[in-house]
Structures are given as C-alpha cells and as structure tokens.
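Here is a short report on a protein fold. Look at the sheet, then at the aromatic side chains.

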Amino acid sequence: MTARLAIFRRPASLALRVTTLVGVAMTVVFLAFNWVSDQSLKQHFAEMDGDELNVVFNSVVRALREVDSDADKTALQRAVRGHHGVYYYVADANGNTVYAEDIGPDLSRLVAISKPVDHVDNRNLKIWQEGGKSYRGAVVRVEANADHKAYLVAVAADIGIHLVFLKSFERMQIWAVFIVMCIAILVAWLAVQWGHLPIRKTNAEIRKISSSKLDMRLNPKDVPIELEELVISFNDVLGRIEDGFARLANFSADIAHELRTPTTNLTTQTEVALRQSRSTAEYREILYSNLEELNRMSRMISDMLFLAQTENDPRNLHLTDVDLAELVKGIFEYFEAWAEDREVLLQLHGWAAPIRANREMLLRALSNLLSNAIRYTPRGASVTVRLVQGVSATTVTVENPGDKLPPEVLPRLFDRFYRADPSRQRKGEGAGLGLAIVKSIVEAHGGKVLVTSDDAMTKFQVTLPHIAATIRPASGKL
C-alpha cells in the first residue's frame with residue numbers, strides 16, 4: 001500500500017508534463033479559433049439574410065405604393081420574385097391582414113408578439129422555430145401611401161440550410177481539433193524524447209563510472225547548453241568524490257603503515273625475549289618498551305576515534321563560556337617543563353572576551369598547536385600566542401620562528417598522517433593526526449584555521465565566531 005502511494009506521490013515525468021502542456025495549449029488555441037470561425041460564419045449568414053430580407057422589404061414597400069383604394073392586391077402578389085425561402089406578410093396599423101402568403105410560417109403571430117422596428121438590419125432580426133423549421137425575420141412599421149397610411153410588414157427567411165451547414169462545420173471542427181490535438185501530442189512526445197536524448201546519453205556515460213574509474217569526466221561541450229551547468233556541477237562532485245576516495249585509500253594505507261611499525265616492534269621484541277631465558281630486570285625492560293609502543297598505538301586509536309566522532313556529528317557539542325586567556329595560561333603551565341628543557345620561551349599577547357565553545361575540545365586543539373610550535377622552535381627562541389577580539393569573531397594566532405615551510409606543503413598540513421618531513425617519525429612524535437584534530441575541532445565550532453610561513457615565522461591562525469550558526473548545544477560530551 002505504501003509503495004502504491006509513493007508511486008502516486010511521485011512527480012510526473014518531464015515527457016508527460018510537456019506533452020500535457022502542449023496538448024492543452026493546442027486544444028485551447030484550436031477551440032478559440034473554431035469559436036471565432038463559428039461566430040464569423042453565423043455573423044456572415046445573418047448579414048446575408050439581412051441583406052436579402054431588406055431587398056424583399058423594399059420590394060413589398062414599392063408594391064404597397066401601387067395598391068389603390070379598391071384594395072387591389074395584385075402588386076403585392078408579384079412583389080417578390082426570384083427569392084426562394086423568403087416570406088412576407090402585410091397588415092394595417094390595427095393588425096388586420098392586408099396580404100398573407102398561403103405557404104411558410106404564420107407571420108401574423110410574429111406581428112402580434114413582436115415590437116416593430118424602423119428598418120431591416122441583421123442586428124434586429126429574430127430567430128424562431130415553427131413546424132420543425134427555423135426562420136429569421138423582423139416586423140417593420142412603414143408609411144407606404146401618399147395619405148401616410150401605416151402598415152406592418154413582416155419578412156422572414158428559412159435559415160434551415162444555414163443551420164445544417166453550421167452543424168456540419170462544427171462536426172468538422174470537432175474532428176479537426178481531435179486530429180490536431182493527437183498530432184500535437186505525438187509531435188510533443190517525439191520532441192521530448194528527442195530532447196531527452198542527450199540526457200540518456202549522459203546517463204549512459206555516468207553508468208560507466210565506478211569506484212575504479214573516478215577519473216572519468218563528462219565533456220560539457222557534448223551536451224546542450226541547458227545541461228552544461230549540470231555536467232560541470234557533476235564533474236565537480238565527481239572530483240570531490242575522487243578526492244575523498246583517494247584520501248580514504250591513503251588513510252587506510254597510512255593506518256596500516258602506522259600500526260605496522262609498533263606491531264612489528266612488539267612482535268620482534270617478544271620473539272627475542274622468548275628465544276632465551278632472561279633475568280627479571282631484562283623482562284621488565286622489554287615490558288616497558290612494549291608498553292611504550294602500546295601507549296603510542298592507544299593514542300593513535302583514540303585520536304582516530306575522536307576525529308570520527310567530531311566529523312560525523314560536529315553539532316554534538318557541550319558549550320560553555322571559555323576564557324581564552326586563562327585557557328592559554330593553563331596550557332603554558334602544562335608545557336612549562338618541556339619548554340624550559342628546550343630553552344623555548346612562551347608568551348601571551350592580547351586579550352579576548354569569553355566565547356561559547358566546548359572547553360575540552362578547544363583545550364585539545366590549542367595544546368596540539370602549542371606542542372607543534374614548541375617542537376619546531378629553535379633553542380633560545382619564543383613561541384607567541386596572540387588573542388585578537390573582533391566584532392563577530394575572536395582570532396587566536398600561534399606563531400614560532402623556524403625553517404620556512406614550502407608553499408606546496410601548507411595546504412596538506414591538516415591532512416591525516418601527513419608530515420612535512422617524512423623522516424620525523426621517531427617515537428613520541430605522534431602519528432601525524434595533531435593538526436587534523438585541530439582543523440576538525442575548529443570547523444566543528446563553525447570557525448576556520450589557516451597557516452602561513454615565511455623565512456622569519458610560521459603562524460597558525462584560528463578564527464572562532466562569537467555565535468556559530470551551525471552549532472546547537474547538546475547534553476553530554478564527546
């Protein structure tokens with residue numbers, strides 16, 4: 001039942017929409033044209049009948065002028081000749097019959113019920129039915145004699161042949177509309193099918209794309225101009241998917257590589273330890289070494305889980321008011337011993353009002369940036385954190401002197417497992433996830449992180465909006 005409802009709710013196809021629209025438009029146009037044609041024919045026949053009845057009326061008036069006092073009706077009898085289907089009737093002002101034909105409609109009844117007019121015109125003619133026939137006529141008041149004696153003259157014409165022609169014409173119009181509508185619908189359907197041919201070809205090309213052929217691209221010049229933007233957008237999406245697949249493949253390879261080294265170390269050390277009997281102290285040393293490798297693997301797995309949680313649901317943040325200055329001072333205290341050992345000075349400049357953020361996540365991001373800066377700062381130099389209060393955002397900049405990073409390296413610093421110097425893979429250096437975590441945390445807060453590097457300084461700039469529209473407070477912590 002649900003499947004049937006889904007089918008009925010599905011939007012109509014483009015072919016059906018276009019075909020229906022063209023069919024309805026053509027039908028309306030032809031019906032309007034046929035109505036105009038029908039009205040024109042009716043008007044034409046009315047004018048013809050009006051002209052003919054006017055001729056008959058004038059002939060009757062001339063005959064009335066020849067009628068003498070003896071009421072000689074001969075002139076009236078021969079008044080109309082050569083006109084077929086035309087009838088007339090004459091009465092005096094009191095309605096008494098002066099002349100009436102033996103055939104045709106009862107025009108005396110028309111004289112009795114009609115209001116006389118001054119002249120015969122197609123606009124003042126009346127239509128009525130009598131004896132199964134249709135007539136068009138009028139009653140005219142006229143003074144025909146020299147003594148100004150008034151008469152009522154009724155003239156009428158049989159319009160049956162006109163009505164038969166009009167009915168035949170209307171039937172022909174109905175069939176013409178039906179045939180034209182069918183042809184229009186067929187042509188519209190064929191036009192739609194022909195117009196959709198590039199779409200079907202494009203669809204066939206898209207079907208050829210698989211996970212192993214993500215490098216394929218559609219040529220925008222092979223489709224009509226209306227589809228060019230769609231093809232360009234599809235190519236852009238395909239490019240992002242290809243980049244995502246490449247990143248996923250590289251990520252999987254990096255995971256395997258990063259986990260293989262500690263696993264190999266653990267296996268090798270264990271095998272060596274089992275080859276011969278050793279003292280308690282030697283076993284303890286081996287276990288401590290294995291524990292170090294296990295801790296490294298544990299940190300890597302925790303970082304990967306953290307990234308997955310943050311990226312899958314960045315809105316699930318527990319927001320509180322965070323004082324950035326106090327947060328940075330706490331990080332300085334944590335790294336104080338390490339910095340003194342490396343003879344690196346930690347400095348804080350500027351001030352910023354508290355912002356709404358997840359304190360634990362922000363603490364982790366800034367700690368990663370500071371540890372990264374301390375690690376690559378020459379002895380005797382300083383790592384500086386600058387806070388800048390903006391109108392809509394707060395900027396935190398972590399800068400340290402050191403070797404300039406190549407421009408091609410900068411965009412990739414936030415990639416997972418990426419290291420600018422592949423040789424830096426000593427124990428304790430991490431798995432290359434620190435900056436990726438920084439980017440994930442900052443973007444989860446609706447902000448952005450940028451890096452610049454020159455001969456004098458490398459700077460990581462974090463911008464955190466005061467009100468992040470993409471963040472919704474939620475209970476619980478990541």
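The text below covers the strands and the aromatic rings of this predicted model.

**The sheet**

Five strands make an open sheet. Their order is β2-β1-β5-β4-β3, and the pairing is antiparallel. At the edges lie β2 (97-100) and β3 (126-130), each of which pairs on one side only. From one strand to the next, the twist averages 25°.

Strand β1 covers residues 86-92, and strand β5 covers residues 150-158. The two are antiparallel and share seven bridges.

**The aromatic rings**

The model has eight aromatic pairs. One of them joins F165 and F169. Their ring centres are 6.5 Å apart, with 10° between the planes. The pair counts as stacked because planes under 30 degrees apart fall in that class.

Why are F165 and F169 separated by about one helical turn? They are four residues apart in helix α5 (residues 160-195).

How accessible are these two residues? The table gives the values for F165 and F169.

| Residue | Relative accessibility | Class |
|---|---|---|
| F165 | 42% | partly exposed |
| F169 | 17% | buried |

F169 is classed as buried because its 17% relative accessibility is under the 20% cut-off. F165, at 42%, is partly exposed, since that class runs between 20% and 50%.

F45, F165 and F169 form one aromatic cluster.

How values were computed:
Residues numbered from 1 in each chain as written. Predicted model: local features only at pLDDT ≥ 70, side-chain atom pairs only at ≥ 80, totals over all residues. Heavy atoms only, no water. Pairing = 2+ DSSP bridges. Axes fitted to C-alpha atoms, helices over the stretch in contact; angles between N-to-C directions. Phe/Tyr/Trp six-rings, centres within 6.5 Å; stacked < 30°, edge-to-face > 60°. Buried < 20%, exposed > 50% of the residue type's maximum accessible area, 1.4 Å probe, protein only.
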